[in-house]
Amino acid sequence: MMQEIAAIQRKFLSSAHFAVVGASKDQTKFGTKVLKWYQDRSFDVTPLHPTESELEGIQTVKSISDLPNPTETSISIIVRPSITLDILKTSKELGIRSFWLQPGAEDETVISYIKENGLDAIWGGPCILVQGDGIVKGLANL
């Protein structure tokens, strides 16, 4: 199982583009910390927000369907499970397959949906803020 998770993490961070669902103007919130993690490492990242036009100086999009390159995008999700499920359903329709659910973004319904639809997703505790740099470093050594 650990090897499978590691492979999904590597695939996730090998994407050309990234999106963050759950960032806000509040810099103390984990969604914004995840956005800044991508930004600080010069990843091509787009925040999704229903009302803000920019976050951390980056233009937002209002929904997953507004992403310019959805099939080349991995999505970090830092929202409650009911919103996560909607994001996963829309993403599947658009051909997005790779997700990192930060702790608290999943519940049994979300996990069942991921498994039933064969999505590549990380959930259940590993946090990109803790593990991301190690995975990126490992990718550089491949």
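**Close-up views of a predicted model**

**View A. The lining of the largest pocket.** Sorted by class, the residues that line the largest pocket comprise ten nonpolar, seven polar and two charged residues. As with every view described here, this one is drawn from a predicted model. The lining is made up of 19 residues in total, and those that lie nearest the centre of the pocket are V21, G22, A23, L48 and V79. Two elements, α2 (residues 30–40) and α3 (residues 81–94), are the ones that give two or more residues to this lining. Of the elements, α3 gives the most, with three residues. The volume of the largest pocket comes to about 330 Å³.

**View B. Aromatic pairs, with F12 and F18 as one example.** When the whole structure is searched, seven aromatic pairs are found. One of them joins F12 and F18, whose rings lie 5.9 Å apart from centre to centre, with 50° between their planes, an arrangement that counts as tilted. Both of these phenylalanines, F12 and F18, are buried. Another pair is made by W37 and F43, with ring centres 5.7 Å apart; it is classed as stacked because the planes meet at 15°, which is under the limit of 30 degrees. A single aromatic cluster takes in F12, F18, W37, Y38, F43 and W100.

View C. F12 belongs to helix α1, which covers residues 2–13. Its relative accessibility is 0%, and F12 therefore counts as buried, the cut-off for that class being under 20%. Leaving aside residues up to four places away in sequence, F12 touches F18, Y38, S74, I75, S76, S98, F99, W100, I122 and I128.

**View D. A lysine charge over the ring of F30.** In this view the charged end of K33 sits over the ring of F30, at 5.0 Å from the centre of that ring.

View E. Although S42 is not a glycine, its phi is positive, at about 60°. This serine is placed in the loop between α2 and β2, the latter being residues 45–48. Because its relative accessibility is 69%, S42 counts as exposed, a class that begins over 50%. E56, which is likewise not a glycine, has a positive phi of about 55°. The loop that holds E56 runs between β3 (residues 54–55) and β4 (residues 58–59). With a relative accessible area of 22%, E56 is partly exposed.

**View F. G95 in the loop between α3 and β6.** G95 is located in the loop that lies between α3 and β6, the latter comprising residues 98–101. At a relative accessibility of 29%, this glycine counts as partly exposed. Along the chain, G95 and T73 are 22 residues apart, while their C-alpha atoms are separated by 9.5 Å.

Conventions
Residues are numbered from 1 along each chain as its sequence is written. This is a predicted model: local features need pLDDT of at least 70, side-chain atom pairs count only at pLDDT 80 or more; totals for chains, interfaces and linings use all residues. Side-chain values use heavy atoms; hydrogens and water are left out. On a 1 Å grid over the protein atoms alone, a cavity is a set of points where a 1.4 Å probe fits but cannot get out, and a pocket is an open set with protein on both sides within 12 Å along at least five of seven lines; lining residues have an atom within 4 Å of a point. Grid points are joined across faces, edges and corners, and a volume is the space filled by probe spheres set on the points. Helices (H or I, at least four residues) and strands (E, at least two) are DSSP runs, numbered from the N terminus. Ala, Val, Leu, Ile, Met, Phe, Trp, Tyr, Cys and Pro count as nonpolar, Asp, Glu, Lys and Arg as charged, and the others, Gly among them, as polar. Rings of Phe, Tyr and Trp (its six-membered ring) pair if their centres lie within 6.5 Å; planes under 30 degrees apart count as stacked, over 60 as edge-to-face and the rest as tilted. Buried means under 20% relative accessible area, exposed over 50%, partly exposed in between (1.4 Å probe, protein chains only). A charge sits over a ring if NZ of Lys or CZ of Arg is within 6 Å of the ring centre and within 35 degrees of the ring normal. Contact means heavy atoms within 4.5 Å.
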